[in-house]
Amino acid sequence: MIKQFLLSFLILPSCIAIGQELKVATNFESGSARVLSLDQQTQTIRITPAGDPKRGIPNWWYVRIDGINTTIPLVLEVEVREDLIPDELTGQGKKTSPGWTWPAQAALSLDGKTWKQTAEGQKINNRMVYQVQPATGTLWLAWGPPFTPTDALNFVNRISQTYSFAKAFILGRSLEGRQVPALQIAEGSKPADQRPAIWISARHHAWECGGSWVGTGLAEWLVSDNQQARWLRQHAEIFVVPLLDVDHVATGDGGKHGEPQDHNLDWSDQPHWPEVAAAQKRILALANEGRMNIFLDLHNPAPGNKQQTAYVIEKAYMPEKADPRKLRFVDLMIEEFGGLKQNPARPPAENPALFHRVSVPWVLEHSNSNTIAFCIETPWNTPSGTPEGYGIVGQKLGSAVEKLLREEAEKQP
Ligand SMILES: [Zn+2]
C-alpha cells in the first residue's frame with residue numbers, strides 16, 4: 001500500500017506536466033510564428049514572424065498558446081527577421097528596423113475574438129519581451145488586433161442582415177481563390193445616379209490590421225442612429241472594402257513590398273492582383289457615371305508615427321476642380337482629430353513612374369474633375385491601437401465626409 005502510494009506520488013508530477021504541456025499553434029487564419037525556443041519551466045517562448053519575404057515584409061506575428069500554467073507569468077520573446085525586403089524606390093534590398101515587428105504593447109485575447117493590449121514590452125538585447133499574467137490556460141497574442149478574411153465576411157453579412165439599406169457583395173476573388181467581401185450602403189429613394197459615391201478601402205498592406213478596424217468603425221457609424229451618419233447614407237452611396245489583400249492576410253504574411261509588387265503599387269492599367277482590378281472596374285464605372293467623389297485608402301504608418309496622418313496630393317496632380325475640396329477635407333479632418341500630420345505627395349525624384357501606380361494617384365487620374373482621394377494612416381504603436389481606438393478614427397473620418405458633402409449640398413441652388 002505504501003509502496004503503491006509512493007509510486008503514484010512519483011508518477012503524478014509528470015502526469016500533470018503532460019496535461020499542461022505548453023504549446024504554440026499558428027495553424028489558423030492569419031497565424032504566423034516560428035518557435036525558436038520554448039522553456040516549459042519558466043514558461044518562456046521565443047518566436048520570430050514566419051512570413052515569406054516574397055509575400056511581403058515579415059513583421060506580422062500571431063500565435064495561440066495552450067497548456068499555460070496560470071500560477072506563473074507567461075513570457076513571449078519576439079525576435080526580428082533579418083531578411084532583406086525590396087525597396088521600390090532604389091530597386092535594392094533593405095532591412096527593416098526592429099520597430100516594425102515590435103509593438104510597444106502586443107495584442108492579447110482570452111477568447112480569440114476580443115482584443116486588448118498587454119503591458120508594455122521590454123527590449124532586452126535582440127528581443128522584445130512581453131510578459132502576461134495568464135488567467136486562462138489558452139490565450140492569443142499578436143502584433144496587433146487581427147482582422148481576417150473570415151472576420152470581413154462575417155462583418156459585411158452581419159451589417160447587411162441587420163440593416164435593410166446595407167447590402168453585402170463580393171468584390172471579386174483573389175489570385176488564390178478567396179472571396180473579397182464588401183458593403184454597399186445607401187438609404188432612401190434617391191436614385192443611385194444622383195448620389196456621390198464614396199469608396200473606402202482597407203488593407204492594401206496585409207499586416208496593417210488597423211486599416212480594417214478603421215474601415216469597419218466607419219461602417220458601424222454609418223449604419224447607426226447618428227444624425228450625420230443618417231444624412232450621409234440618405235444622400236450618398238458608400239462602398240466599404242474592409243480587407244482587400246485577403247490572400248496575404250489569410251497566410252499571415254506582411255503583403256507590403258511583396259512580389260511582384262504590393263497591392264498599393266499595383267494600380268496600373270494591368271494590375272497583377274484580381275482584387276485590385278475588381279476595385280478599379282467599379283471605380284471606373286462610378287467615374288463614368290460622373291459620381292466618383294471621395295476615395296479613402298486606410299493604412300497604418302511607420303512605428304514611430306504617433307499622429308493621425310494623411311498623404312495630401314500636391315495641386316499639380318489633382319483633378320481640375322478638386323484642389324479646393326481637398327483642402328477643405330483636410331481642414332475637416334483637422335477639426336475631427338484636433339491635428340493632422342500632412343505628408344505632401346508627388347512623384348518621387350528617384351522613380352517618378354512609381355507614383356502613377358499607387359492607388360490614390362490612379363483613382364485621381366481615372367475619375368472625375370472634382371474627385372478627391374487620400375491615403376490615411378492611423379497610428380498603431382499607441383494605447384489607441386485597439387479595435388475601439390481604431391473605430392473612433394473611423395467615426396471621425398465618416399463625420400468629415402458628411403460635413404464636406406453636406407456643406408456642398410447646402411451651397412447648391
Ligand atoms: Zn500601408
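Modeller: By class, four nonpolar, three polar and two charged residues make up the lining of the second largest cavity. The residues in question are Ser30, Trp60, Arg203, Ala206, Trp207, His248, Val249, Gly252 and Asp253. The space inside the second largest cavity comes to about 30 Å³. All of this refers to a predicted model.

The domain assignment gives the setting: domain 1 covers 19-142 and domain 2 covers 149-411. On the side of domain 1 that touches domain 2 there are 10 nonpolar, nine polar and six charged residues. In total, 25 residues from domain 1 and 35 residues from domain 2 take part in the contact. Taken over C-alpha atoms, the centres of domain 1 and domain 2 lie 29 Å apart.

As for the extent of this interface, a general remark applies: interface size is often given as the accessible area lost when the parts come together. Between domain 1 and domain 2, the buried area is about 2,500 Å², and carbon and sulfur atoms give 54% of that area.

The polar side of the interface can be listed as well. There are 16 residue pairs in polar contact across the interface of domain 1 and domain 2, counting pairs with both residues at pLDDT 80 or more. The salt-bridge rule finds two across the interface of domain 1 and domain 2. Separately, Arg55 and Glu176 form a salt bridge, with 2.8 Å between the closest N and O atoms.

Back to the cavities, for the other one. The count of cavities of 30 Å³ or more is two. The largest cavity has a volume of about 40 Å³. Its lining consists of Ile57, Pro58, Asn59, Val80, Arg81, Asp83, Thr96 and Thr101. By class, the lining of the largest cavity divides into three nonpolar, three polar and two charged residues.

Technical notes: Residues numbered from 1 in each chain as written. Predicted model: local features only at pLDDT ≥ 70, side-chain atom pairs only at ≥ 80, totals over all residues. Heavy atoms only, no water. Domains from an automatic or database assignment. Contact = heavy atoms within 4.5 Å. Buried area = accessible area lost by both parts, 1.4 Å probe. Salt bridge = Lys/Arg side-chain N within 4 Å of Asp/Glu carboxyl O. Polar contact = N/O pair within 3.5 Å; in protein donor to acceptor, adjacent residues only side chain to side chain. Nonpolar A, V, L, I, M, F, W, Y, C, P; charged D, E, K, R; others polar. 1 Å grid on protein atoms, 1.4 Å probe; cavity = no way out; pocket = protein on both sides within 12 Å on 5 of 7 lines; lining within 4 Å. Points joined across faces, edges and corners; volume = space filled by probe spheres on them.
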